[in-house]
Amino acid sequence: MYHEQRGHITLVTGPMFSGKTTELLRLHGRQQLAGKRCVLVKYAKDTRYDENLIATHDKHKSLSNTIKANELQEVYGEMFDEAVDVVAIDEGQFFSDLADTCERLMRARKIVIVAALNARFDRKAFEQVALLQPNANEITLLTAVCDCGENAIFTHRKSAATEEELIGGKEVYKACCRECYYKAESEMHDGENIYPKKMVDDFFMTSTRLHISPEKKPRLDGRPLSPRTASKNGH
Ligand SMILES: [Zn+2]
């Protein structure tokens with residue numbers, strides 16, 4: 001019995017150097033083997049892995065089409081083409097219209113595979129990736145390997161630059177486990193508290209919105225909670 005294709009989103013996420021693009025290409029390659037018509041979208045300003053992508057696609061060139069865009073809207077013609085079954089998007093965090101485009105692709109019953117960073121260098125969310133997550137059918141979190149041998153879940157930026165989009169490789173970024181991330185951040189800030197007050201405030205602003213009692217905030221100076229607060233918590 002013939003089933004009409006349904007919309008499906010797979011999000012492949014993780015820090016830098018965790019093999020997200022490799023996994024994206026593996027999933028994309030399987031769809032090509034299944035005879036699906038695929039479009040692979042790359043971020044235009046990211047020219048690091050050009051050669052790899054072209055090499056990977058040599059075998060199935062007839063079924064695949066690699067296109068570059070700064071915003072996904074620029075390539076709607078290719079993505080929403082009726083003949084296209086699968087849309088694979090690399091470096092999804094860089095597209096300002098990622099979440100909205102994926103929803104439109106679902107309504108057009110496309111299969112979508114997105115590779116995107118799990119967090120910014122400061123462990124905050126990329127807005128578009130955060131918006132996409134609740135709409136995904138599958139989420140795969142890949143890890144890289146930290147220098148210490150642990151699984152690396154964060155991306156540490158070696159430079160003090162703070163702009164969100166700074167494209168680079170191992171000269172700028174390093175994948176770290178939690179302990180090594182704290183250590184690297186602390187060293188970068190001359191040993192100063194790695195939880196600057198603002199970061200804690202940002203976190204608890206979120207908690208307040210989630211109706212978590214402000215009394216459960218840990219003290220910033222590391223001292224135990226006051227007896228009044230402690231008794232309220234039943235201790
Ligand atoms: Zn480590």
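**View 1. Surroundings of Val 112 in the predicted model.** In this predicted model, Val 112 is in contact with His 8, Ile 9, Val 87, Cys 102 and Leu 105, when its neighbours within four places in sequence are left aside.

**View 2. The largest nonpolar core.** This core comprises 43 residues, of which Val 87, Ala 88, Cys 102, Val 112, Val 114 and Ala 152 touch the most other members. Two or more core residues come from each of strand 1 (8-14), helix 1 (20-33), strand 2 (38-43), strand 4 (86-89), helix 4 (98-107), strand 5 (111-117), helix 5 (127-132) and strand 10 (173-176). Strand 5 makes the greatest contribution to the core, namely seven residues. In soluble globular proteins, nonpolar side chains tend to be buried together.

**View 3. The buried face of helix 4.** Leu 98, Ala 99, Thr 101, Cys 102 and Leu 105 are the buried residues of helix 4. Viewed along the helix axis, these residues lie within an arc of 165 degrees and therefore line one face of helix 4. Among the elements that cover them are strand 1, helix 3 (76-79), strand 4, strand 5 and helix 5.

**View 4. The protein chain as the setting of the close-up views.** Eight helices and 10 strands make up the secondary structure of the protein chain. The chain has 235 residues, and 28% of them count as buried. Of the contacts between residues at least 6 apart in sequence, 74% join residues at least 24 apart.

Terms used: Residues numbered from 1 in each chain as written. Predicted model: local features only at pLDDT ≥ 70, side-chain atom pairs only at ≥ 80, totals over all residues. Core = buried A, V, L, I, M, F, W, Y, C linked by C-beta atoms within 7 Å. Buried ≥ 20, exposed ≤ 12 C-beta atoms within 10 Å, placed from the backbone. Helix = DSSP H or I, 4+ residues; strand = E, 2+ residues; numbered from the N terminus. Contact = placed C-beta atoms within 7 Å. Arc of directions from axis to C-beta.
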